[in-house]
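Please read these points with the model open beside you.

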Protein chains: 2
Amino acid sequence: MTYTLYAMQSSGNCYKPRLLMRQLGLPFRLVDTDTRDGGTRTPEFLALNPNGKVPLLVLPDGRTLAESDAMLIHLAEGTPLLPADGYERALCYQWLFFEQYSHEPYVAAARSWLHLIPEGRARLGAEALAELHDRGHMALRVMEHRLEAAPWFAGSAYSIADIALFAYTHVAGDGDFDLAPYPRIRAWLERVRRTPDFVTMDWRP
Amino acid sequence: MTYTLYAMQSSGNCYKPRLLMRQLGLPFRLVDTDTRDGGTRTPEFLALNPNGKVPLLVLPDGRTLAESDAMLIHLAEGTPLLPADGYERALCYQWLFFEQYSHEPYVAAARSWLHLIPEGRARLGAEALAELHDRGHMALRVMEHRLEAAPWFAGSAYSIADIALFAYTHVAGDGDFDLAPYPRIRAWLERVRRTPDFVTMDWRP
């Protein structure tokens, strides 16, 4: 038995465990599951994840795990992608929660409205988009500030914190975020792309 | 040197590390910091947390850690409040991210509008409140479902997942959430209150 990942290819949250499993050399089976056609609302899927969201990971023993960043921690435990140093590991957790609470709801949401949802720009409206941009740029400024002090989010080495933040930052332009004011973020995106066994968002196992 | 916690007493996110540190017997100093009077936007505070949010924990060595749930993991590592079993620990992470992404933005937000923000009910509006209630009840149903299978969120024992979910669930009524349809959640709230060294939200060290 191996891992099975229920995922939507265009989702940054689903890209996170795909990239990590590739970089850790963990083989897995991908089951395409689309939130937009009700794929996460079928009785079969809700039996796997009562919260009705992808990604959903089925472990080799058949047990399930939801929440992309929980998968990252679980899969990276005992590997160099979760720092061995206690403080760097704590910072890793900090950036994972930052990503889900202060970054994804704005940076990913703008991308979803402008890039994935039919006529999303009109349905969202200019005022709501401006609000997403304001909050998203706050998150990007916090990231730029962090990268003044360290090359990677957890500190000295590439970790799952970088994977989590890369997922939606590298496609922020899809939500009309201009990364020009963030030279350190742009350099960090390039460093992530040069990590061993890096794969782009369209990669499939 | 000991821990210092910058926190707002009425915040559930700030209650989480207070409750955990009390239950772990970790002494700490509390510095009241109110988001509503600009306390998280001063240059001094932004030097500690560039994301401008409480809670913010200063470790005994002077280094800082943001994000309430990152504090929970960091402080609980090596204690019984973070499960030793790998799968239960993974579930613990899952519920922490669930709390911040699918629960807090609705259950805590409704409480904030109705209980903490002056004239918040009128400023929020009935339609937006109904949306918070819809999404919050989705989260509560997922919790109720989980508690059909296990007494605690990570599985067999009380953990930081319970602390994280207790923080805003026990005051959900402040946001006009009725917990009557959730008998398992209500029984679980009572179990949490009976854990050793439990303290209520108004507790100060």
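**Notes on the model**

1. Pro55(B) sits in the loop between α2 (43-48) and β3 (56-58) of chain B. Helices (H or I, at least four residues) and strands (E, at least two) are DSSP runs, numbered from the N terminus. The model is a predicted one, in which local features need pLDDT of at least 70 and side-chain atom pairs count only at pLDDT 80 or more, while totals for chains, interfaces and linings use all residues. Residues are numbered from 1 along each chain as its sequence is written, and chains are lettered from A and ligands numbered from 1 in the order in which they are written.

2. What is the peptide bond from Val54(B) to Pro55(B), cis or trans? The bond is cis, with omega near 5°. In chain A, the peptide bond from Val54(A) to Pro55(A) is cis with omega near 5°, and Pro55(A) is found in the loop between α2 (43-48) and β3 (56-58) of chain A.

3. Another backbone point concerns Glu119(A), which has a positive phi of about 55° although it is not a glycine. Glu119(A) lies in the loop between α4 (86-116) and α5 (120-124) of chain A. For background, most residues other than glycine have a negative phi, and most peptide bonds are trans.

4. Chain A is assigned domain 1 (3-76) and domain 2 (86-193); such bounds come from an automatic or database domain assignment. The centres of the two domains of chain A, taken over C-alpha atoms, are 21 Å apart. Domain 1 of chain A brings 11 residues to the contact and domain 2 of chain A brings 11 residues. Two residues are in contact if their C-beta atoms, placed from the backbone, lie within 7 Å.

5. On the side of domain 1 of chain A that touches domain 2 of chain A, the elements giving two or more residues are α1 (12-24) and α3 (68-76) of chain A. Of these, α1(A) gives the most, with 6 residues. That side of domain 1 of chain A has 6 nonpolar, 3 polar and 2 charged residues. Here Ala, Val, Leu, Ile, Met, Phe, Trp, Tyr, Cys and Pro count as nonpolar, Asp, Glu, Lys and Arg as charged, and the others, Gly among them, as polar.

6. In chain B, helix α7 (residues 160-169) packs on helix α8 (residues 183-193) at an angle of about 110°, with the axes 11 Å apart. Axes are lines fitted to C-alpha atoms, for helices over the stretch in contact, and angles run from 0 to 180 degrees between N-to-C directions. That angle makes α7(B) roughly perpendicular to α8(B); angles under 35 degrees count as roughly parallel, over 145 as roughly antiparallel, 65 to 115 as roughly perpendicular and the rest as oblique. Asp162(B), Phe166(B) and Thr169(B) of α7(B) meet Ile185(B), Leu189(B) and Val192(B) of α8(B). By class, this contact holds 4 nonpolar, 1 polar and 1 charged residues.

7. Helix α8(B) also packs on α6(B): their axes come within 8 Å and cross at roughly 75°. The two helices, α6(B) and α8(B), are therefore roughly perpendicular. From α6(B) the contact takes Leu140(B), Met143(B), Glu144(B), Leu147(B) and Glu148(B), and from α8(B) it takes Arg184(B), Ile185(B) and Trp188(B). These residues divide into 5 nonpolar, no polar and 3 charged.

8. Between the chains, 21 residues of chain B are in contact with 21 residues of chain A. On the chain B side, β4 (64-66), α3 (68-76), α4 (86-116) and α6 (126-149) each give two or more residues. The largest share, 9 residues, comes from α4(B). The chain B side that touches chain A has 12 nonpolar, 6 polar and 3 charged residues.

9. One helix pair spans the two chains: the axes of α3(A) and α4(B) come within 8 Å and cross at roughly 155°. This makes α3(A) roughly antiparallel to α4(B). The contact is made by Asp69(A), Ala70(A), Ile73(A) and His74(A) of α3(A) with Ala90(B), Tyr93(B), Gln94(B) and Phe97(B) of α4(B).

10. How is chain B laid on chain A? A turn of 180° and a shift of 0.0 Å along the axis do it, with an RMSD of 0.0 Å. That is the relation of a two-fold axis. Copies are superposed by least squares on the C-alpha atoms of residues with pLDDT of at least 70 in both. Of the residues of chain B, Tyr101(B) comes closest to the rotation axis, at 3.2 Å (C-alpha). The same surface serves both copies, as 100% of the contact residues of chain B recur in chain A.
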